[in-house]
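Good morning, and thank you for coming. Please look at the sequence and the structure on the screen while I go through a few of the features.

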Amino acid sequence: MAEKGKGKVEVFDSEEELAVSLAKYTSDLSSKFTSERGAFTVVVSGGSLIKSLRKLVEPPYVDSIDWSKWHVFWVDERVVPKDHDDSNYKLAYDGFLSKVPILPGNVYSINDALSAEGAADDYETCLKHLVKSRVITTSDKTGFPKFDLMLLGMGPDGHIASLFPGHPLMNEKEKWITFIKDSPKPPLERITFTFPVINSSAYIALVVAGAGKAPVVQTALRDSQNSEKLPVQLVSPEGELTWFLDRDAASKL
C-alpha cells in the first residue's frame, strides 16, 4: 500500500484477491455507518465494478451484513429500460442486488420512462427528499449530499461515472445530477452524478483491474503536469479515497 496525494493505493496479486479485500472493506464500512447512524448509503457504478463485489454475496458477508440498513444508488445510469442489457440497474440486479436481502424500497433506480433531462431532475428530487429525511447526510463543507461509500470503476479513457475527458459536464458545479445526450461511448443518453457530489463522499473506492487500464492508472497516479486532467484525476473526496488495483492495472506504476 502506498499513499499518493489524498489517496491510498492498494495493489493485489490478482483480481480475485482484490475482490476479497473489497468485500471486507465494504462490510467494515457497513458496520461502521449502521452503528453510527442506522443507515448505510452506497453508490455503485456499472462496468466491471459489480463483478468485483461478488464476494459480498458469499459467506461470511451475505449472512453478517445488516442489509436492511443499506440504501443503494447509481453514480450514473444509461437512459434505457431497466431490463435492457445496457442498464446499470440490470447489471447490479443480476450480479448483486438479487442475491442479498436489501429492501426493494431502499434501491433507488432512475425513472426509465422519462427523458434524460427528466430522469436527471427526478433523481435529484429523490436525493433531496432523502437528505430532508436524513437518510443521506450532507457535507458541512459544501452542502452537497454526502454518501457514505462510493464504489467507482474507471474506463480505459479515464472516465468515471458518465463524466468523460474534455466534456463540459466535468465543470458542472451547481447541479447534483445532470444528463448527457452526446456520450462518446454508447448509449448516448445518460444521467450522472456531478463532481461536487462525488467529492463530498465520506469514502470512495476506485476499483480498477486489467492491463488495458494500466496506462491511465499510470497517468492518474503519477504527478502529471498536464493541464488537461482526466476525470479520474479530479476524484478528490472530503473523506478517504482508496484505489483497489490488481497487479495488471498497476503494472506501469
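Strand E3 pairs with strand E8 (residues 149–152) in the parallel sense, over three bridges. Before I continue, please note that this is a predicted model, in which local features need pLDDT of at least 70, side-chain atom pairs count only at pLDDT 80 or more, and totals for chains, interfaces and linings use all residues. Residues are numbered from 1 along each chain as its sequence is written, and side-chain values use heavy atoms, with hydrogens and water left out.

Some terms are needed here. Strands (E, at least two residues) and helices (H or I, at least four) are DSSP runs numbered from the N terminus, and two strands pair if DSSP finds at least two bridges between them.

How many of the five residues of E3 are buried? Five of the five residues of this strand, residues 40–44, are buried, so E3 is largely enclosed by the rest of the structure. Buried means under 20% relative accessible area, exposed means over 50%, and partly exposed lies in between, with a 1.4 Å probe and protein chains only. In a regular strand the side chains alternate between the two faces of the sheet. In E3, Phe40, Val42 and Val44 point one way, while Thr41 and Val43 point the other way.

I turn now to the aromatic residues. The structure holds 14 aromatic pairs. Rings of Phe, Tyr and Trp (its six-membered ring) pair if their centres lie within 6.5 Å; planes under 30 degrees apart count as stacked, over 60 as edge-to-face and the rest as tilted. One of the pairs joins tryptophan 74 and tyrosine 89, and is tilted, at 5.6 Å centre to centre with 50° between the planes. This pair links distant parts of the chain, since tryptophan 74 belongs to strand E4 and tyrosine 89, 15 residues apart from it, to helix H4 (residues 88–95). Tryptophan 74 counts as buried because its relative accessibility is 2%, and tyrosine 89 counts as buried at 18%.

Tyrosine 89 and tyrosine 93 have ring centres 6.0 Å apart and planes at 20°, so this pair is stacked. The two residues are four apart in helix H4, and therefore separated by about one helical turn. Tyrosine 93 is partly exposed, at 39% relative accessible area. Elsewhere, ring pairs link Phe33, Phe40, Trp67, Trp70, Phe96 and Tyr203 into a cluster.

Finally, I come to another sheet. It is an open sheet of three strands in the order E5-E10-E9, with antiparallel pairing. Which strands stand at its edges? They are E5 (76–78) and E9 (177–180); each has a single partner strand, so one side of each is left without a neighbour in the sheet. Four bridges join E9 to E10 (residues 190–193), and isoleucine 180 stands opposite arginine 190 in E10.
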